[in-house]
Amino acid sequence: DAHASLMLISVGCPTSFISGVADETCGNDGPLIDESENYFASSMESSIAKSMERTWSFLNDKFPWAAFLSEGAFKRVYRVWNSSVGAEEAVSVMDVDLIESTGNKNVVGAELAVSVMLSSLVRRNICPNFVLTRGVFTCAFEPPASHWGCEKTKRPKGDFYCPNQRGRKPKQPGSNKRGRYQYIRMELCKHGDVEEYIKRQPDQVIAMHEARCILFQMAFALHTAGDRFGMKHYDVKLLNFFLQSANDTDICEVDNPHTVLRYGVGSHVFSLRVPTERALIAKLADYGTANLSAETNGQPVTLAQFTTIENTPPDYLILGDAAQQGFGHDCFGLGLCMLHLFTGLAPYEEILESVTCPTNLKKKLKRIWEDESSKGYDVIRSLILSDVYEDENGNTEGEPDETVYDTLYRFLVLIGIPKDQFESNKQGKVWRVITSSLRS
């Protein structure tokens, strides 16, 4: 995909990265790409990167109004007015130098490539349930907080763009402020993420039929991403699904009281009939933890699959290193989303915030998960002790992250102790601890 290549080039990743063949070799036959071809590809990518650069004046003329939305580890997201198209958009801004300095260039490059690949499914009318990426450019300067906003002052120029409002444009920063910043233009999902959407509803609950329609679309997005690209998301939660209006603003709700969204799977057609005023499309986003490699299916889990710890599937905690990568992680996350959608209460970890792992159970689990003599739980041990280290004098510093203890116990409270204790013959350590500690 040309669009995906532009994304990768803008953060310094080779275009071959998207197919996973960069700098690979073919046994004794030598490199797949010889030095002359590498030089030519590098020169082409350098020229393309140069063509994507935009000036400070371009930034301020094209986006005369902006408001801060959110901030992550490597990016900030803004709501902007695009004067070229006369409409609002979302713009994600990444500090390329920061990404490189922390050694995360390939990780971010993979996320960008996945986002464009999934966006192409929207553009080709295959599946509307992904955030649409519209363009990418680079600039030597980050957006001015005085006009684009920040965490403390999110809307410095008002809540909306006003064409009659005149003001002084921000001054271009000095040369010592130059860097490399990537700007990604995306569609703006005006209803925000699903979790926030539910919180804004009366009594923080949505109608049953609306919950069904949103859940269907969430499941269809995961199905399509898996079917087309073999994608496992590994961080499925309501915060990573955004809502967009299904209809244009000029649709009259009186003349068209209902909207029908039609989905086809093989020979089956599913029709979602919803009130026009609440016709929404759920869009999957945030692909930082996604994996497209089919070879990883069935392989032992790694730290990369422990994303939002509170949403970790119980079998990962029970089976440890014997747990397998695959689509099951997303299915479990979708189940937690379903619980929230149909009850409207809150994410389960907020409902059970006061519930913590009993001392006797935690003591026994510690022997399994943290003791180095205990085999088969190296990944969980690394997760718990990730911030614990020995200083030069041999003293232990840092604190263990004990979130996994409360997470497993809260699942047992929420779901109960299953009668069918899977893999108990091969991996029965945690099962025996649960049974001896909690069953009277």
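Guide: A patch is made of residues with over 30% relative accessible area and no salt bridge, and nonpolar side chains are joined in a patch within 5 Å. This is a predicted model.

Visitor: Which residues form a nonpolar patch on the surface, with about 250 Å² of accessible area together?
Guide: One member sits in helix α10, residues 328-343. That member, L339, has 31% relative accessibility, so it passes the cut-off of over 30%. The nonpolar patch on the surface is formed by L339, L414 and I415.

Visitor: Is L339 buried, partly exposed or exposed?
Guide: Buried means under 20% relative accessible area, and exposed means over 50%. L339 has 31%, so it falls in between. L339 counts as partly exposed.

Visitor: What is the volume of the largest pocket?
Guide: The lining of the largest pocket takes in 45 residues. S70, K75, V77, F242 and D286 lie nearest its centre. The volume is about 1200 Å³.

Visitor: Which elements give two or more residues to the lining of the largest pocket?
Guide: One of them is a helix, α5 (105-123). Strands contribute too. The elements are β2 (65-71), β3 (75-82), β4 (87-95), α5 and β6.

Visitor: How many charged residues are in the lining of the largest pocket?
Guide: By class, the lining has 20 nonpolar and 10 polar residues. The number of charged residues is 15.

Visitor: Which residues are the closest to the centre of the second largest pocket?
Guide: About 610 Å³ of space lies in the second largest pocket. Its lining has 22 residues. The closest to its centre are Q244, S245, N247, D248 and T249.

Visitor: Which elements give two or more residues to the lining of the second largest pocket?
Guide: By class, this lining has 8 nonpolar, 6 polar and 8 charged residues. Two strands meet the condition of two or more residues. They are β4 and β7 (241-245).

Visitor: How much space lies in the largest cavity?
Guide: The structure holds 1 cavity of 30 Å³ or more. The lining is made of E210, C213, I214, Q217, L261, V274, R278 and L280. The space is about 50 Å³.

Visitor: From which helix comes the largest share of the lining of the largest cavity?
Guide: By class, the lining has 5 nonpolar, 1 polar and 2 charged residues. The largest share is 4 residues, from a helix that spans residues 208-229. That helix is α8.

Visitor: How many salt bridges does the structure hold?
Guide: Side chains of opposite charge can pair when their charged atoms come close. Among the salt bridges is the one between D97 and R180. The structure holds 18.

Visitor: How far apart are the closest N and O atoms of D97 and R180?
Guide: D97 lies in helix α4 (residues 96-101), and R180 in the loop between α6 (145-148) and β6 (181-186). The pair links distant parts of the chain, 83 residues apart. D97 is partly exposed at 33% relative accessibility, and R180 is partly exposed at 35%. The closest N and O atoms are apart by 2.8 Å.

Visitor: In which helix do K199 and E196 both lie?
Guide: The side chains of K199 and E196 meet in a salt bridge, at 3.8 Å from N to O. K199 and E196 are 3 residues apart, about one turn of the helix. Both lie in helix α7.

Visitor: Is E370 buried, partly exposed or exposed?
Guide: E370 forms a salt bridge with K366, and their closest N and O atoms are 3.1 Å apart. K366 has a relative accessible area of 26% and is partly exposed. E370 has 18%, and the cut-off is under 20%, so E370 is buried.

Visitor: What is the phi of N125?
Guide: N125 sits in the loop between α5 and β5 (133-139). With 72% relative accessibility, N125 counts as exposed. N125 is not a glycine, yet its phi is positive, at about 60°.

Terms used:
Residues are numbered from 1 along each chain as its sequence is written. This is a predicted model: local features need pLDDT of at least 70, side-chain atom pairs count only at pLDDT 80 or more; totals for chains, interfaces and linings use all residues. Side-chain values use heavy atoms; hydrogens and water are left out. On a 1 Å grid over the protein atoms alone, a cavity is a set of points where a 1.4 Å probe fits but cannot get out, and a pocket is an open set with protein on both sides within 12 Å along at least five of seven lines; lining residues have an atom within 4 Å of a point. Grid points are joined across faces, edges and corners, and a volume is the space filled by probe spheres set on the points. Ala, Val, Leu, Ile, Met, Phe, Trp, Tyr, Cys and Pro count as nonpolar, Asp, Glu, Lys and Arg as charged, and the others, Gly among them, as polar. A salt bridge is a side-chain nitrogen of Lys or Arg within 4 Å of a carboxyl oxygen of Asp or Glu. Buried means under 20% relative accessible area, exposed over 50%, partly exposed in between (1.4 Å probe, protein chains only). Patches are made of residues with over 30% relative accessible area and no salt bridge: like charges are joined within 9 Å, nonpolar side chains (Val, Leu, Ile, Met, Phe, Trp, Tyr) within 5 Å. Accessible areas come from the Shrake-Rupley method with a 1.4 Å probe; for residues, only the protein chains shown count as cover.
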